[in-house]
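The sequence and structure come first.

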Amino acid sequence: MSQSGRRRRPPTIHDVAREAGVSRGTVSRVLNGGHYVSPTAQEAVNAAIRRTGYVVNRHARSLITGRSDSIGFLLTEPQERFFEDPNFNVLLRGCTQALAAHDIPLLLMLAGTEDERRRITRYITAGHVDGVLLVSSHSGDPVAEQLRDAGVPLVMCGKPIGVGSKISYVAADDRDGARDMVRHLVSLGRRRVGMVTGPLDTPGGVERLAGYREVLTEAGIDLDERLVASGDYSRASGEAGAELLLERAPDMDAVFVASDLMAQGVLSTLHRAGRSVPGDVAVGGFDDSSAAVASSPELTTIRQPYDRISSEMVRVLIAQIGGDDPAAVILPTELVKRQST
């Protein structure tokens, strides 16, 4: 076989060391965190890696470090929710991009049933990932506590409910965002303000309902439980919630919906009922997801800073893997006005 027909040998750590003019041990220390390496040597090694095209053998490194060099993105929802709700995809993309800067791959894990959660928990605690980004945890779901008790580094998206302390989390300020939306609706002169909540066993569901009630109370508007319907963040639950609200309170003149996807369902129900938006009923959503601008009319909503949520979840998790204590980060939201109010 000719020289040109032979497969080229992939570069090794010895090639990097020779190119950088340092020892193999120095290259190894750079690859494993850069401890006890001078800035000059570290830059020389990094430049040599770029020139040679060296790729880390993750399996070999994991045998040395005891780490898998991967992170799990765990969604404890039915699989169809992952494909329906645009927020999950935005979070997944943001976390993937944030981890790429650290050359760490992200593994997507869907566990919507009790059996699936049990299998995934066994997989995680066996050491197949170095840490977990947990999305959409419900109260009563044992996964977070089981991972924490097993010593698995963990960061939750959203403030934990019913799992005690010492679990890291990153969350948007759900309550303050809800307050901003309901104040906006009230400022338009609306007094019969309904709400379709999120699941009340999730932090967003609880906090957004609390913000809604607080603003109505401060505005001197009596709380009327007939104006509150529960949803599960799906479009279908938004449709059903709006139907219930119109049946209970046909004089409703505004509705705050705890997610944009549910708000699409609310708009559909209002259209079928012959109610104009925002003329008869003003509608406000939450998330500023792709569903907000795909709606007709486009939704006034609360913007969650998903890019910052993703990057902060990754930052906190990597710090925790490195030995830092659990941390909590709450990020501000923003009212975005469009045609639905």
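Two strands count as paired if DSSP finds at least two bridges between them. The model discussed here is predicted.

## Six-stranded sheet

Another open sheet has six strands in the order β2-β1-β3-β4-β5-β11, and the pairing is parallel. Its edges are β2 (106-110) and β11 (328-331); each has a single partner strand, so one side of each is left without a neighbour in the sheet. From one strand to the next the twist averages 15°.

Strand β1 (residues 71-75) runs parallel to β2 and is joined to β2 by five bridges. Within this pair, I71 is opposite L106 of β2. Helix α7 (residues 114-128) lies across β1, β2 and β3 (131-135), and runs at about 150° to β2.

## Nonpolar cores

The largest nonpolar core has 40 residues, of which Y212, V255, F256, V257, V266 and V283 touch the most other members. Elements giving two or more residues to this core are the helices α9 (174-187), α10 (203-218), α11 (235-248) and α12 (260-272), together with the strands β6 (193-197), β7 (228-230), β8 (254-257) and β9 (282-284).

Leaving aside residues up to four places away in sequence, V283 touches V255, V257, A263, V266, L267, L270, V277, L299, T300, S340 and T341.

## Helices α1 and α2

Helix α1 (residues 13-20) and helix α2 (residues 24-31) have axes that come within 8 Å and cross at roughly 105°. Angles of 65 to 115 degrees count as roughly perpendicular, so α1 is roughly perpendicular to α2.

On the α1 side the contact involves I13, H14, V16 and A17, which meet R24, V27, S28 and L31 of α2. Sorted by class, this contact has five nonpolar, two polar and one charged residues.

Terms used:
Residues numbered from 1 in each chain as written. Predicted model: local features only at pLDDT ≥ 70, side-chain atom pairs only at ≥ 80, totals over all residues. Heavy atoms only, no water. Core = buried A, V, L, I, M, F, W, Y, C linked by side-chain atoms within 4.5 Å. Buried < 20%, exposed > 50% of the residue type's maximum accessible area, 1.4 Å probe, protein only. Helix = DSSP H or I, 4+ residues; strand = E, 2+ residues; numbered from the N terminus. Contact = heavy atoms within 4.5 Å. Axes fitted to C-alpha atoms, helices over the stretch in contact; angles between N-to-C directions. Parallel < 35°, antiparallel > 145°, perpendicular 65-115°, else oblique. Nonpolar A, V, L, I, M, F, W, Y, C, P; charged D, E, K, R; others polar.
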